[in-house]
Amino acid sequence: MEQKVSLWQIFTVFAKIGAFTIGGGYAMIPLIQAEMSRRGWISEDELPDIVALSQSAPGVMAVNISIFAGHKLRGFKGSVAATLGSITPSFLIILAIAMFFTAFKDNPWVERAFKGIRPVVVSLIAVPMVNMARKACTTWWKWALAVGSLLLVAFLNVSPIYIILCVLVIGFAATYYKEGLWKR
């Protein structure tokens, strides 16, 4: 990223992403990837790093992605521009809903519209996760960890914290053994 991206460009791109994202931070990923890759702002390999950082930081995923992506483009000011861009449409939409939704909340058309949006949100979240899994899981044991973690969290309600801690311990132990540190 040698080009100097204007703060206004960052704001408008993230405002566009924020306006068309339904379902939170994970649903933003394909839009961010498309917009930023098309402009040459990030490479295919950088997005998983931004997502990983965003997941590990406390707070709302959509805001964290905006912060890290904006920072990559223009530092602190880029973070502010990207964050304001991504939250402004949501803020305005929530404000409008709060002002007018009470009159329509029991309307069957409105209820059906929201029920119709749910499957779309699931697919918007699933597609980037599958794409990231394809890139990250390059060996059979990485696939086994990914699928095993998914099954434990989804069907057995195991906390992701326990899975992360177990994988960290296994990773340290494997490295310790592989590097021969136990012989010293």
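In which helix is Ser-79 found? Ser-79 is found in helix α4, which covers residues 61-100; helices here are DSSP runs of H or I with at least four residues, strands are runs of E with at least two, and both are numbered from the N terminus. The model is a predicted one, in which local features need pLDDT of at least 70 and side-chain atom pairs count only at pLDDT 80 or more, while totals for chains, interfaces and linings use all residues. Residues are numbered from 1 along each chain as its sequence is written, and side-chain values use heavy atoms, with hydrogens and water left out.

Ser-79 counts as buried, because its relative accessibility is 8%; buried means under 20% relative accessible area, exposed over 50%, and partly exposed in between, with a 1.4 Å probe and protein chains only. Apart from its neighbours within four places in sequence, Ser-79 is in contact (heavy atoms within 4.5 Å) with Ser-66, Ile-67, Gly-70 and His-71.

Ser-56 is exposed, because its relative accessible area is 58%. From Ser-56 to Trp-109 there are 53 residues in sequence and 39 Å in space, C-alpha to C-alpha.

The empty spaces of the model come next. Rolling a probe the size of a water molecule over the atoms shows where empty space is left. On a 1 Å grid over the protein atoms alone, a cavity is a set of points where a 1.4 Å probe fits but cannot get out, whereas a pocket is an open set with protein on both sides within 12 Å along at least five of seven lines; lining residues have an atom within 4 Å of a point. Grid points are joined across faces, edges and corners, and a volume is the space filled by probe spheres set on the points.

The largest pocket holds about 1400 Å³ of space. Its lining has 29 residues, of which Gln-55, Met-129, Leu-145, Ala-146 and Ser-149 are the closest to its centre. Helices α3, α5, α6 (140-156) and α7 each supply at least two lining residues, and α6 gives the most, with ten. By class, this lining has 25 nonpolar, two polar and two charged residues. Nonpolar here means Ala, Val, Leu, Ile, Met, Phe, Trp, Tyr, Cys and Pro, charged means Asp, Glu, Lys and Arg, and the others, Gly among them, count as polar.

Over the whole structure, the search finds one cavity of 30 Å³ or more. The largest cavity holds about 70 Å³ of space. Among the residues that line it are Ile-29, Glu-44, Pro-128 and Lys-135. Helices α2 (25-38), α3 (46-56) and α5 (108-136) each give two or more residues to this lining, and the largest share, four residues, comes from α5. By class, the lining of the largest cavity has five nonpolar, two polar and two charged residues.

Helix α7, residues 160-178, has 19 residues and reaches 26 Å from its first C-alpha to its last, close to the expected 27 Å; the expected span is 1.5 Å times one less than the number of residues. Just after α7, Gly-180 takes a positive phi of about 70°.

The structure holds zero disulfides, a disulfide being a pair of cysteine sulfur atoms within 2.5 Å. The sulfur of Cys-137 is too far for a bond, because the closest cysteine sulfur, in Cys-166, is 18 Å away. Cys-137 is buried, with a relative accessible area of 10%, whereas Cys-166 is partly exposed, at 47%.
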